[in-house]
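This report describes selected backbone and packing features of one protein model. Please consult the sequence and the structure shown below while reading.

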Amino acid sequence: MTETLLSTTVKQLRKEYHLTQQDLAYKSGVGLRFVRELEQGKPTVRMDKVNQVLELFNLQLGAVPLARRSEL
């Protein structure tokens, strides 16, 4: 698995708030395995569960515009 902006952000926020992965899982109501996979950048995670985790930090997933690639 490859780290992503999402996985890096969650990991960084967890550490800023001095939470273990187990603490984060418990406080957000998801499983420890989910938190580990999220922080490792698993490419297929449930958005509702990601939002459960992000809600602890007053964040949520959302649609954002992509930078356009210039045509070759």
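Is histidine 18 buried or exposed? In this predicted model, histidine 18 is exposed, because its relative accessible area is 71% and the cut-off for exposed is over 50%.

## Positive phi at histidine 18

Most residues other than glycine have a negative phi. Histidine 18 is not a glycine, yet its phi is positive, at about 55°. The residue belongs to the loop between helix H1 (5-16) and helix H2 (21-28).

## Positive phi at asparagine 58

Asparagine 58, likewise a residue other than glycine, has a positive phi near 55°. Its place in the chain is the segment after helix H4 (47-55). Asparagine 58 counts as exposed because its relative accessibility is 73%, against a cut-off of over 50%.

## Packing of H2 and H3

Two packed helices are described by the angle between their axes and the distance between the axes. For H2 and helix H3 (residues 32-40), the angle is about 115° and the axes lie 8 Å apart. The crossing of H2 and H3 is right-handed.

On the H2 side, the contact is formed by Gln21, Gln22, Leu24 and Ala25. These residues meet Leu32, Val35, Arg36 and Glu39 of H3. Sorted by class, the contact of H2 with H3 holds four nonpolar, two polar and two charged residues.

How values were computed: Residues are numbered from 1 along each chain as its sequence is written. This is a predicted model: local features need pLDDT of at least 70, side-chain atom pairs count only at pLDDT 80 or more; totals for chains, interfaces and linings use all residues. Side-chain values use heavy atoms; hydrogens and water are left out. Helices (H or I, at least four residues) and strands (E, at least two) are DSSP runs, numbered from the N terminus. Buried means under 20% relative accessible area, exposed over 50%, partly exposed in between (1.4 Å probe, protein chains only). Axes are lines fitted to C-alpha atoms, for helices over the stretch in contact, and angles run from 0 to 180 degrees between N-to-C directions. A crossing is left-handed if the near helix is turned anticlockwise from the far one by less than a right angle, and right-handed if clockwise. Contact means heavy atoms within 4.5 Å. Ala, Val, Leu, Ile, Met, Phe, Trp, Tyr, Cys and Pro count as nonpolar, Asp, Glu, Lys and Arg as charged, and the others, Gly among them, as polar.
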